[in-house]
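Open the model in your viewer and keep the selection panel at hand. The tour goes from stop to stop.

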Amino acid sequence: MSDLLHSVDSFIQLQWTLADRSVVIDLERVSANTRIDSQYHMNRFLLLILTLAVGAPAVLAQPPAMDQQAVISKQARQIDQVVAARLQEVGQDRRPGIDEYNFCRRVYLDAIGRIPTIDELDDFIADQRPDKRSRLISKLLQSKGYPSHWYNYWADLFRVKYVGDKLHHPGNYGEWIKEALRNNKPYDQMAHELINASGPLYKPGNGATGFYARESMPLDHLANSVKTFLGLSIECAQCHDHPFDQWTQKDFYRLAAFSSKTHLRVDPTSDLEKGYAKDRRILKNKSFDEWIVYRESLRVKHAAIHGNGTGFMRLPHDYQYSDGKPFEAMEADVLFGEMPALDHKLTKVKLDALPRNNFGPPINSRKALADWMTAPENPLFTKSVVNRLWHQVMGTELVGPLGGLSEDEMGSHPELTEQLIAIMKESNYDLNQFLSVLFNSKTYQSKALALNANGPDYVLDGPIVRRLSAEVLVDSFLSLRTETPDRYVATEFKWDGFTNFYEKSQEMDVKDFVAYSVNGPGRAAFQRREENRAKQRNGPMGPKQLWRVSCYGHVDGTHDVAKLMGQSDRDLIDGANKEPNIPQILYLMNGHLEHEITTQPQAYLHRKLEGITDPEQRLEIIWKAILGRLPNDSEKSFTAHDQADLIWALLNSNEFRFAR
């Protein structure tokens, strides 16, 4: 079987060598135009009339409004014009375009994070409308697959993770991100809400508080916020002047002053604790288990982000530079750009005269920080997200390292960076529209480039060949197991034990909490009881084996296969790993993932092959389902091989595991 795998990889002309990362691709170019097919609109009209006549709901995939599509097409052309000008300047030929099969597979992977099913591929290929590519892009970005796939990306960046006693459960946080993607919330609004979030941690809809709760140490949180939203690395300045950049420790503390006195408190505030204290003491002396349930149930109701910033921060006790002294009050100031106005209640002089633990009264300076960070005028905010999205879609850094940008840096092609920044601003930070612009460009729809020692000087003229992320690789197997891979992706808020109990707790008084603790099933079952009730509230979610990776929550356990394949543990920003390793190779070659495709007669691929006796037709189905294309002439010699062996070989081929 290993010989077969080698032969397949040779014939599909995609070779991967770990030593030099050399990849070779040979694909055709097919052009596409954007004329409107009037017959298609007539068919849609007739379908609508028919459904109304029989009383059935009309479900029609709506393309963008014509004016919006015109804007998207114009912006895509702007990208192509800038790229074409640079290619002419450096004397480099434009890459050839890709054919319909390659485009379909690529845009499914990048837009919704899985390969197309064979029916989805056939439907696209059979579509005769000249604007079929733009229509498919629109359809995918409006589908359930879009928030499923892109949730994985943003959850990694925002580090959605269970972290024990502080952030008991990140379900509300993750649901906030999913809801933002489903509603296409503008990115600047997402960022502003995350930076400025406050209030109850488990209140449904208030999940943005999870961003602060995720890193409750205020200075670490600030450093991570700057790296997340500005792509700027200033964490070194937390302890000393930055050794390689302009930022000083004093700069860091001035920026930290915007969010001073913001903190996560999981227990009731002191004024509310008075009502609970007596019963808390009684239960602790009576039963440890009952006391724990009492404490934890109160925490679910009262855990919250408090404080909105005083505009002052004090230098650390060991500050050693001559421009300040330990515990000296620092007034808030930005790293660059225009300083937002703050309504200070105290002067620095008066605050310096007060005890060192006094930071002044709250003045809502954290909102001012969010305003400054997310402003279109901020030279790093838009540049950072544009750099991120280009890297995610094209595979190369547009400007520089994702978390290591500088204020003035514009990358190796400043004109392209400026154009993409302008498009993001013109789109009002609409992530869906910005991605649509990228996908509609000829730059995106060009032949993938293998980065190696002999590559061209200019590489921003299209995507590069790169390994699929862990989630995309695992989710792509669903396209072979079922004809509806996105069926169980949620379209509305999903309750978990914490949000469910929080809502219930709003009507509970002290006696109710005592009764809940004393009469309940005990400490071990406290969370499990609420999770079960939340599941009942959510209704059927389908068999776990047909879930996409994004459907997994903390109570569902980790997706072990995705973890093995390099899924981020979300301890660090950009923590995912696409580098192959020996355990991954052994896992795939031993057939653990493939087993559910090759040996299960009810798998979608096998149902498509059922009753097919023509060897060439059988080969065509397998190739389209797994590789998203037709077998070429030289590959047709594989018709004599066992069907299960062919499937195994293709699933282990580099062409399947790479975006091309």
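Which residues does His344 touch, not counting residues up to four places away in sequence? Select His344 and look around its side chain: Thr310, Gly311, Phe312, Glu331 and Ile363 are touched. Keep in mind that this is a predicted model.

**Stop 1: the loop at His344**

Stay on His344. Its loop runs between β5 (329-331) and α15 (348-352). The side chains of His344 and Glu331 make a polar contact at 3.4 Å. Glu331 is therefore on the list of touched residues and also a polar partner, as a polar contact is a pair of N or O atoms within 3.5 Å.

**Stop 2: the largest nonpolar core**

Next, select Val107, Trp154, Phe229 and Leu416. These have the most contacts inside the largest nonpolar core, which has 99 residues. Zoom in on Val107. With residues up to four places away in sequence not counted, Val107 touches Ile112, Leu136, Ile137, Leu140, Phe439 and Tyr444. A second core is separate and has 35 residues. To find this second core, pick Leu468, Val472, Phe477 and Tyr587, which are among its members.

**Stop 3: Ala448**

Go to Ala448. Its loop links α19 (431-440) and β6 (466-467). Is Ala448 buried or exposed? Ala448 counts as buried because its relative accessibility is 6%, and the cut-off for buried is under 20%. Now draw a distance between C-alpha atoms, from Ala448 to Arg466. The two residues are 18 residues apart along the chain, and the separation is 9.1 Å.

**Stop 4: a nonpolar surface patch**

Show the surface and select Ile582, Ile585, Leu586 and Met589. Together they make a nonpolar patch of about 350 Å². Pick out Leu586, which lies in helix α25 (residues 582-589). Leu586 counts as partly exposed because its relative accessibility is 46%.

**Stop 5: His606**

Finish in helix α27 (residues 604-609), where His606 is placed. Show Thr598 next. Its backbone oxygen lies 3.2 Å from a polar atom of the His606 side chain. Then display the other contacts. Leaving aside neighbours within four places in sequence, His606 is in contact with residues including Ile597, Thr599, Gln600 and Pro601. Gln643 and Ile647 are in contact with His606 too.

Notes. Residues numbered from 1 in each chain as written. Predicted model: local features only at pLDDT ≥ 70, side-chain atom pairs only at ≥ 80, totals over all residues. Heavy atoms only, no water. Core = buried A, V, L, I, M, F, W, Y, C linked by side-chain atoms within 4.5 Å. Buried < 20%, exposed > 50% of the residue type's maximum accessible area, 1.4 Å probe, protein only. Contact = heavy atoms within 4.5 Å. Patch = residues over 30% accessible without salt bridge, like charges linked within 9 Å, V, L, I, M, F, W, Y side chains within 5 Å. Areas by Shrake-Rupley, 256 points an atom, 1.4 Å probe, with all protein chains shown as cover. Salt bridge = Lys/Arg side-chain N within 4 Å of Asp/Glu carboxyl O. Helix = DSSP H or I, 4+ residues; strand = E, 2+ residues; numbered from the N terminus. Polar contact = N/O pair within 3.5 Å; in protein donor to acceptor, adjacent residues only side chain to side chain.
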